[in-house]
Amino acid sequence: LGYAYATNWASRSAFKNSVEITVYLHHQQGGNGYGRMLYDKLIPLLSAGGFHVAIAAISLPNQASIKLHEYLGFTQVAHFKEIGHKFERWIDVGHWQLIL
C-alpha cells in the first residue's frame, strides 16, 4: 500500500540532526489514513534517534499531502517555483518542517 522513509537533509555535518521524510502511497490508497499511520510510526523513531528537524518536500499542487503534514504539525517554510520536472512538466515544490 505504501512506505515511509527518512534520509539525510544535507551532507554537511551542520545538518546531521535534520532529515527529509517521505511517504509514498499507491495512487488508489490516498485518503484512507495510511500516510498518517506511517508517519505515526516514523516520526517517534526519528525523535528517539536524536533527530531535531524533519522536512517534507511536497510537489505542488497537492492539497491532500499539505493537509496531512499540517495536521501532524508541520509548517510551510519554503516554496520553490518550477524546481522539479515530472509528468512532462515543471512543478513547484514546497517544504514543510516539523521540530521534533
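**Close-up views of a predicted model**

**View A. Tyr 3, Tyr 5 and Tyr 24 form a nonpolar surface patch.** Together, these three tyrosines present about 330 Å² of accessible area in this predicted model. Tyr 3 belongs to strand E1, which spans residues 2–8. Tyr 3 is classed as partly exposed because its relative accessibility is 47%, a value that lies between the limits of 20% for buried and 50% for exposed residues.

**View B. Helices H1 and H2 cross at roughly 35°.** The axes of H1 (residues 34–48) and H2 (residues 63–71) come within 11 Å. The crossing of H1 past H2 is right-handed. Gly 35, Arg 36 and Tyr 39 of H1 make the contact with Leu 68, His 69 and Tyr 71 of H2.

**View C. A cis peptide bond links Leu 60 to Pro 61.** The omega angle of this bond is about 0°. Pro 61 is located in the loop between strand E3 (53–60) and H2.

**View D. Glu 82, a non-glycine residue, has a positive phi.** The phi angle of Glu 82 is about 50°. Glu 82 is placed in strand E4, comprising residues 75–86. The relative accessible area of Glu 82 is 53%, and the residue is therefore exposed.

**View E. Glu 88, which is not a glycine, also has a positive phi.** For Glu 88, phi is about 65°. Glu 88 occupies the loop between E4 and strand E5 (89–99). Glu 88 counts as exposed because its relative accessibility is 75%.

Note on methods:
Residues numbered from 1 in each chain as written. Predicted model: local features only at pLDDT ≥ 70, side-chain atom pairs only at ≥ 80, totals over all residues. Heavy atoms only, no water. Patch = residues over 30% accessible without salt bridge, like charges linked within 9 Å, V, L, I, M, F, W, Y side chains within 5 Å. Areas by Shrake-Rupley, 256 points an atom, 1.4 Å probe, with all protein chains shown as cover. Salt bridge = Lys/Arg side-chain N within 4 Å of Asp/Glu carboxyl O. Helix = DSSP H or I, 4+ residues; strand = E, 2+ residues; numbered from the N terminus. Buried < 20%, exposed > 50% of the residue type's maximum accessible area, 1.4 Å probe, protein only. Axes fitted to C-alpha atoms, helices over the stretch in contact; angles between N-to-C directions. Left-handed = near helix turned anticlockwise from the far one by under 90°. Contact = heavy atoms within 4.5 Å.
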